[in-house]
There are 2 protein chains.
Amino acid sequence: MTLAEFGAPTSPPEVPSELISELRTIVGDRGWTSDPADLEPQLRDWVGYARGATPIMVMPKNASEVAAVVKACVAAGVPIVPQGGNTGSVAGAIPQGEILVSLRRMNRIRDIDAADYTVTVDAGVVLAEVQAAANEVDRFFPLSIGSEGSCTIGGNVSTNAGGTAVLRYGNMRDLVLGLEVVLPDGRVWDGLRRLRKDNTGYALKHLFMGAEGTLGIVTGAVLRLFPKPVEVATAFVALRDLDASIELLSLLRVATGDALSSLEVMPRIGIEIAREFDPEVVDPLSERHDWYAIVEVSGTKADGQTESTLEVALGEAVERGILVDATIAASTMQAKSIWRIRKSLVLNLPKVGAEVKHDVAVPVSKQPEFIRRATAAVEETVPGTRAVAYGHFGDGNVHFNLCAPLGMDASTFTARAADLHRAVYDIAAEYGGSFAAEHGIGIVKRSEMKRYRSPVEIDLMRQFKALLDPDGLFNPGKVLP
Amino acid sequence: MTLAEFGAPTSPPEVPSELISELRTIVGDRGWTSDPADLEPQLRDWVGYARGATPIMVMPKNASEVAAVVKACVAAGVPIVPQGGNTGSVAGAIPQGEILVSLRRMNRIRDIDAADYTVTVDAGVVLAEVQAAANEVDRFFPLSIGSEGSCTIGGNVSTNAGGTAVLRYGNMRDLVLGLEVVLPDGRVWDGLRRLRKDNTGYALKHLFMGAEGTLGIVTGAVLRLFPKPVEVATAFVALRDLDASIELLSLLRVATGDALSSLEVMPRIGIEIAREFDPEVVDPLSERHDWYAIVEVSGTKADGQTESTLEVALGEAVERGILVDATIAASTMQAKSIWRIRKSLVLNLPKVGAEVKHDVAVPVSKQPEFIRRATAAVEETVPGTRAVAYGHFGDGNVHFNLCAPLGMDASTFTARAADLHRAVYDIAAEYGGSFAAEHGIGIVKRSEMKRYRSPVEIDLMRQFKALLDPDGLFNPGKVLP
C-alpha cells in the first residue's frame, strides 16, 4: 500500500527557496543535504509502506539549532518531520515533502552517573550506544528492541518503545526521568531533571513521550539505569496448550522472585518458518508440540542461583501439567541458539508470503482466548490464512501476523488487509485491548484511532494538538485521525 | 499560617440556593451533608495550615453522579474542590467556600484479576483496602505511605503519591495502568484499560495524575499488582558518615539483586526525638553514631535467602568502611521495633518545637552535599535551628525538617519560615532538585512554582489548565502560581 491509501496528504507543501537558504545558514555546511543518494535511506520506510520526499534534510547539532530551524519553518508556514534512526513500523518518520529534521548529529552522551543510576543523552544517540555506555560503568539500560543497533533515543522516547524487557523494566516511558523538548513555537523546554520524585505540577514530559513528534521535537533525555544482570538463565519450553502460557507466567513471576525478564510465546509454525529459511536454527526439543515459549530469568545477584531457580520452577510447571517438555540452555551459545529461533522467525516471516500484521495488546489473561477467536475470524475472512501469533506474553502483547494462504498471490491477499484488520482489531477491542501496543500510530494506523478510541479521547488529543501546534506544522498527517 | 497568607482567595464564591437544591437531587438524600459536625473533619487540614469552608459536601456514588454534579456546578459557574481521604500535606483538598465533592462513597473494588496482576477500583477506595484485596488473591499492591489507613486511591493518583517503596516499585503514577476521569465539561473519559503496552496517541492519563484535581476528577483506576514479598529482611545500621549512605545504596542494589525495598536515612537527633516522646523506642545499637539507616530487602522468592543475602551485603559494607555497626532484625517484632524509630520520629517531631518543613528531592548522589549545605544555610538564617534531615535516600527524597532553636518561641521561629524555605530550596535548585518531591503543591507551595519552575514550563501548565478548565472552576487557587 502507498501512504496515500492510508490517507496521507498527496500534494507536498510549498517550500520557498528563501527558507532553504535560511536553514542552510542555521545548520552550517555539514548540517544539511539535498543529495538524493544521502536522502534515499532516510526516505525509505523499511516495512515497505512508502517512499517519502523532502526538499532538504537538516541535521542540527544541538537544541538551539533545532529551535532556530523550527522558528524559521514556522515563520514560513512550512511543515516539519523529525526523524531518528528511521526504524519505525508505521511510517511515522517519513516526510511527504516536509522539511526533514534528522537528530542524528546530536549524538553525545552528556553525562553518566553510576551512583545516581542515570545517564543524560542527546536525542540522536543510538540505543546500543547507551546500552554500551551503561555497561562501561557497571550499570544496565534495559530497553531492548530488534532495531537497537540503529534506532535512536529520541525515536524510542517519541514512540514509547517496548520490546522484550518490558515485563521486568517497563516501556521507554518508564525509563525516562527528564526530557528536553523544542516546542512548536521554537521555545526550548528544559525538563532534564534527574529526579525519582518530583510533584511540581503537570507531568509535561509524558505528553511528549509517545506523541511521535506531533507536539514538538525531543532533543535530550535523562534515563534510568539499573544494576547489571550478572546471571541469565534461558529455557525453551513446550506448553501443554495455549492457556498454559498464562499459568506459566503466574508461576514464574512468583517462583523467580519477579526476576522473569522475558516470556516469548510462539506456535509450531513459528519454528518451522525459522528452520525453513535459516539452516542454523535447530528445534531444541525432540518432539513436536503446538505451542512453545522462550523463558528468560535475569539475576542481578551473582550467587549462581538463577539457573537452579529456573530449573526448580520449570520442574514444578511440568509436574503441574503446564509444560510437556523443557530444556535449559547450558551455555551462552545455547541461549543464543534459542533466541535465534525468535529472531529468525521475525526476519523470515515476510518470505513466507505477503504479511498482514497486527501489533495487538489485550489484558494478559485474555491472550489465549484472543488468539483462538482471532484465528477463527481470519480463517472465516480469508480461508487458508496462516496465522502466526507470537509475542511478549508477559505484557499482553501479541504480534498477530498473517501469511497468505498457500497458492494465493500477494496482491490478492493484501487486498483483503482492511477486512482482516477489522476482524482482528474488533476482537481485541472486545477485551478492552489495543490495536497499537508498541509500534504506535504513524500514518498507517490513523484511521483505526477513529474506530477504536472514544470521541472524548480523540477530542482531547485534538485539543492538545491544536494548543501546542495550532498551524499543524509538526509531523502533519500522523497519529491523529 | 492561614491559607490567605499563602495567597488563597479570601472571599468565598457565591453559591445560588438553586444549585444546592439541584445537587441534593442529583446525589439523593444520603449523598450530601451541610451539617457542621459532619463537615468539620473534612474542612480541617491535618497539618494545621487551614480551616476550610463549604456550603455543601456532596458524595456521589458513581462517575455518572460526579458528571451530573460537575455539569450543574459549571452551568452555575460555581467552583468545585474534589476530596479523597483529606490526608494531604499542602492543603490541596481544602475548600474555601467551593462545593466539596467527596469521593468517599465511591468505594467499590470493581474487579481483581490475579492472572493479570491488576485490580480496578473506584477512586474512593482506601489504600489499605486495596492492599488487603491484593493480599487475598496472593498478590501485592506496593504503594505504602503513612496515611494508608485513610487516604484514598483517587487522592493517591491525583497527588502521584510516593512513600517508602518507590525505590523498588515507583511512584503511584508507575502503578496506574488506566484511569476514569470526569472532565471539567462534565464528560466522562473512560481510560480504564488494563494494558501493559498501548501506544495509541497521547498519554492522557499522565496529565490527570499529579494534577491535584485541577484538571478534572479521577473516579476510577486500574492498578498494577505484583508477586507478594514472602521474605523481608530489615536492618538498622550506623553509617561511617553521611556520604556513606550513597556508597551503601550502590552496594545494596547490586548485592541484593535490586531487591532493596527501602533505604531510610536519619541523623542521631532523629533517634533522640523518637526516644524522648515514645518510651517503647529503643536504640538498637550500643554506641552513638551521627547517621543511621533502616535497610529493608524484600524477597518474592521463598528460599530463605533474603536474610543471608542482606547479612553478606552488610558484612561487605562494614569491611569496606561504609558502615561502622549494623544489626539485622531476628524477628518480625524486632523489624517492627526498628521501623518504630522512623514512625515515632515523624509523629513526634512537631512536639519538639515549631516545625518548618521541606519535602525536597535532589539527584540521589547529591543528597549528602545538599544536607550539609542546607544545614549550614539554615544555621546562618536562624542560628540554633535544629535540622532533622531524614528520608527515602534511594529516591533522592530528603525530608529536611527544622525545629526551633531551644528557647525560641514558636511564632518567632515560624515568622522566619519564608527565609528558611528560600535558603533550603535555593540550594536544592542548584542541584536541579525539586521543592516538592512527594507532597505536591496544593495552596502551600504555589508561590514556589513561580520561582523554581521555568517560565516555559509554567506557561505550558497554564495553557493546559485554560484548555481543560477555561472558567477555572476546578480546585481554584491550587497548584498553579
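1. A:D459 is partly exposed, with a relative accessible area of 26%, where partly exposed covers the range between buried, under 20% relative accessible area, and exposed, over 50% (1.4 Å probe, protein chains only). Its side chain meets that of B:R187 in a salt bridge at 2.8 Å, N to O, a salt bridge being a side-chain nitrogen of Lys or Arg within 4 Å of a carboxyl oxygen of Asp or Glu. Because A:D459 lies in helix α17 of chain A and B:R187 in the loop between β8 (176–182) and β9 (188–191) of chain B, the pair joins two chains. B:R187, at 27% relative accessibility, is partly exposed. The helices and strands named in this note are DSSP runs, numbered from the N terminus (helices are H or I with at least four residues, strands E with at least two).

2. On provenance, this is a predicted model, in which local features need pLDDT of at least 70 and side-chain atom pairs count only at pLDDT 80 or more, while totals for chains, interfaces and linings use all residues. Residues are numbered from 1 along each chain as its sequence is written, chains are lettered from A and ligands numbered from 1 in the order in which they are written, and side-chain values use heavy atoms, with hydrogens and water left out.

3. The interface between the chains involves 85 residues of chain A in contact with 85 residues of chain B, contact meaning heavy atoms within 4.5 Å. The area buried between chain A and chain B is about 7,200 Å², of which carbon and sulfur atoms give 56%; buried area is here the accessible area (1.4 Å probe) that two parts lose on being put together, summed over both. Within chain A, the residues that lose the most area to chain B are A:K197, A:N199 and A:Y202, which together account for 15% of what that side buries.

4. As for specific interactions across the interface, chain A and chain B are linked by 10 salt bridges, and one between the side chains of A:E457 and B:R193 has an N to O distance of 2.8 Å. The count of residue pairs in polar contact between the chains, both at pLDDT 80 or more, is 42. A polar contact is a pair of N or O atoms within 3.5 Å; within protein, one must be able to donate a hydrogen and the other to accept it, and residues adjacent in sequence count only if both atoms are side-chain atoms. The elements of chain A that each supply at least two residues to the side touching chain B are α7 (172–175), β9 (188–191), α8 (204–208), β11 (226–227), α9 (244–255) and α17 (455–468), and α17(A) gives the most, with 10 residues.

5. Which symmetry relates chain A to chain B? Chain A can be laid on chain B with an RMSD of 0.0 Å by a turn of 180° and a shift of 0.0 Å along the axis, which is the relation of a two-fold axis; the superposition is by least squares on the C-alpha atoms of residues with pLDDT of at least 70 in both copies. The same surface serves both copies, since 100% of the contact residues of chain A recur in chain B. Of the residues of chain A, A:H206 comes closest to the rotation axis, its C-alpha being at 3.1 Å.

6. Over all chains, the whole structure holds 68 salt bridges. Among them, B:E247 pairs with B:R240, the closest N and O atoms being 2.9 Å apart, and B:R453 pairs with B:E457 at 3.8 Å between the closest N and O atoms. B:R453 and B:E457 are both buried. Through shared partners, salt bridges join A:R108, A:R110, A:D122 and A:E180 into one network.

7. A:K465 lies in helix α17 of chain A and is buried, at 13% relative accessibility. Its side chain reaches the backbone oxygen of A:F474 at 2.9 Å. Leaving aside neighbours within four places in sequence, A:K465 is in contact with A:T214, A:L215, A:P470, A:F474, A:L480 and B:Y202.
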